[in-house]
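Please read the following briefing alongside the sequence and the coordinates.

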Protein chains: 2
Amino acid sequence: MAQEASQITPRYLTGDKAGLQEFLAKFDVFLFDCDGVLWSGDHLFPGTVETLELLRNNGKQVVFVTNNSTKSRADYRKKLESLGIPSTVEEIFSSSYSSSIYISRILQLPENKRKVYVIGETGIEQELRSENVPFIGGTDPAYRRDVTPDDYKKIAAGDESIIDPEVGVVLVGLDFHMNYLKMALAYHYIRRGAVFLATNIDSTLPSSGSLFPGAGSMSAPLIMMLNKEPIALGKPSQAMMDSIEGKFKFDRSRACMVGDRANTDIRFGLEGKLGGTLGVLTGVSSKEDFVSGDVRPHAYLDKLSDLLGSE
Amino acid sequence: MAQEASQITPRYLTGDKAGLQEFLAKFDVFLFDCDGVLWSGDHLFPGTVETLELLRNNGKQVVFVTNNSTKSRADYRKKLESLGIPSTVEEIFSSSYSSSIYISRILQLPENKRKVYVIGETGIEQELRSENVPFIGGTDPAYRRDVTPDDYKKIAAGDESIIDPEVGVVLVGLDFHMNYLKMALAYHYIRRGAVFLATNIDSTLPSSGSLFPGAGSMSAPLIMMLNKEPIALGKPSQAMMDSIEGKFKFDRSRACMVGDRANTDIRFGLEGKLGGTLGVLTGVSSKEDFVSGDVRPHAYLDKLSDLLGSE
């Protein structure tokens with residue numbers, strides 16, 4: 001796919017009114033990556049709100065797609081609101097929601113193996129509850145403690161006081177309370193046959209203008225120990241695109257993915273065979289990445305609000 | 001090296017008195033992997049003590065080589081003693097000691113960058129102290145806490161209340177108190193130029209007849225975030241062999257590595273160009289691994305105490 005994509009010569013649309021109009025007319029749905037596109041950290045880019053308004057006024061469906069697994073959709077809507085962006089929960093698609101849908105609607109788990117062992121924060125828990133998926137772990141304080149000699153023996157023996165025989169899935173997201181015990185339990189559940197899922201595998205998390213451990217860093221020890229990759233439910237995994245399509249029932253040829261990262265956002269749109277991909281230069285990827293990289297968008301802009309130039 | 005090694009046809013020496021005598025006569029030094037060779041878990045193999053006695057009585061130097069980084073050499077001697085194996089601290093070579101020697105004698109650190117940020121337990125700290133290497137982190141309770149919003153800002157800004165400008169090395173070993181804050185700090189120190197070292201990179205730790213997260217699992221998130229491998233100081237890294245040679249000044253052609261794992265112990269001896277390697281079938285590798293695997297020992301035994309058959 002990356003090779004096919006490398007055949008694209010991206011159109012530069014900033015300041016090109018006719019080009020912008022032509023581009024916008026092709027799509028009914030716009031999927032947005034958020035950080036680096038709509039805002040950076042806590043700084044809303046000027047014109048973001050007006051641009052979203054323009055799209056909505058022209059009858060376009062807007063979907064906010066985020067790999068952030070620590071927040072539920074409701075939490076994320078509040079975050080958008082705090083930045084001044086009006087939205088509804090229905091417009092938000094997060095990796096924790098995508099994971100919950102995957103578990104409840106796509107995975108065919110045996111009757112007695114339906115529990116999820118969660119590594120992660122409250123966002124995952126809220127979305128699992130919204131899909132009626134039973135789970136253990138997560139923010140339960142019982143797991144926020146040191147490992148004991150007794151734990152080794154009980155875990156190794158599969159003692160039901162610590163190993164729940166109904167766990168059929170391990171779901172790993174960003175967990176600010178990661179510890180040795182949680183890692184050991186996840187490893188043993190997967191060795192005992194549980195499906196290994198990750199909300200997303202971004203190794204880093206942007207914060208305070210720098211990078212910190214991301215959800216992928218929680219899966220990394222398990223990948224090394226098990227010599228096995230998780231099924232990842234965030235961008236650029238197509239499991240997430242399938243979940244989005246399952247919910248919004250859109251025509252892929254009339255949808256456009258907007259993002260700042262060639263390797264995740266643009267790849268996500270290209271591999272999902274969307275009608276269009278639009279890169280913006282307010283985040284990670286550079287003009288050079290878009291124009292001559294391995295993964296190229298159909299079009300790119302200096303910044304998202306350049307779409308206002310279509311009027 | 002693995003290809004060269006695959007040319008070896010290992011000699012099976014169990015019950016072969018003349019073969020055993022000939023083999024033993026070739027070496028002055030025997031390097032022993034411990035778990036899987038001398039004992040398994042808490043179970044001492046019958047004949048281990050007598051076999052070590054035989055070697056010592058015949059003037060052989062015995063060295064216990066362990067990737068265990070949580071114990072100091074003094075702790076490890078106590079462990080040997082508790083299993084009934086007489087030894088001296090001088091006969092023990094652990095990955096924490098190897099790391100300390102590497103930092104104090106091999107790394108050329110600038111005057112103002114000599115501190116080590118430690119992820120690990122007390123064994124590493126004791127060995128760093130024995131080499132007069134200054135360090136922070138490790139078992140310090142100040143690092144055993146949740147990450148706070150303030151931490152992100154201060155770490156990102158390089159605030160000296162949390163980021164020590166004198167840290168020039170990050171040393172990652174097995175840490176039963178691993179957490180998000182420690183991971184974030186290690187990442188930032190390495191990004192700021194600190195040397196990335198690992199006591200060892202075994203992904204798992206054998207315990208209670210099963211496997212648990214090992215030292216490599218502590219490095220895994222950093223490797224993923226940084227896209228960079230650490231310099232590993234445990235087997236099969238030759239940095240460990242160099243440290244052992246630095247200490248014991250032995251003739252490599254007159255030394256033999258004894259172990260149960262082809263891919264670590266035997267590889268360690270072969271790549272170190274030791275005169276001999278001896279596999280035992282009481283641990284991880286099978287007869288098939290030794291006889292037709294990629295990495296083959298010069299000779300192998302059903303069990304270590306078969307060496308007693310040389311008498």
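This is a predicted model: local features need pLDDT of at least 70, side-chain atom pairs count only at pLDDT 80 or more; totals for chains, interfaces and linings use all residues.

Residues are numbered from 1 along each chain as its sequence is written, chains are lettered from A and ligands numbered from 1 in the order in which they are written, and side-chain values use heavy atoms, with hydrogens and water left out.

**Interface**
- Because 100% of the interface residues of chain A are also interface residues in chain B, the copies meet through the same surface.

**Strand 5 of chain A**
- Five of the six residues of strand 5 (residues 61-66) of chain A are buried, so this strand is largely enclosed by the rest of the structure; buried means under 20% relative accessible area, with a 1.4 Å probe and protein chains only.
- Helices (H or I, at least four residues) and strands (E, at least two) are DSSP runs, numbered from the N terminus.
- Strand 2 (residues 29-32) of chain A runs parallel to strand 5 of chain A and is joined to it by four bridges, with V29(A) opposite Q61(A); two strands pair if DSSP finds at least two bridges between them.
- Three bridges pair strand 5 of chain A with strand 6 (residues 92-94) of chain A, again in the parallel sense, and V65(A) stands opposite F93(A).

**Packing in chain B**
- T199(B), in the loop between strand 10 (195-198) and strand 11 (204-207) of chain B, counts as buried at 0% relative accessibility.
- Leaving aside neighbours within four places in sequence, the contacts of T199(B) include S69(B), S95(B), L171(B) and G234(B), contact meaning heavy atoms within 4.5 Å.
- L185(B) touches Y117(B), Y143(B), I155(B), I162(B) and I163(B), not counting residues up to four places away in sequence.

**Cysteines**
- Zero disulfides are found over all chains in a search of the whole structure, a disulfide being a pair of cysteine sulfur atoms within 2.5 Å.
- The sulfur of C34(A) is 14 Å from the closest cysteine sulfur, in C256(A), which is too far for a bond.
- C34(A) is buried, with a relative accessible area of 1%.

Technical notes
Buried means under 20% relative accessible area, exposed over 50%, partly exposed in between (1.4 Å probe, protein chains only).
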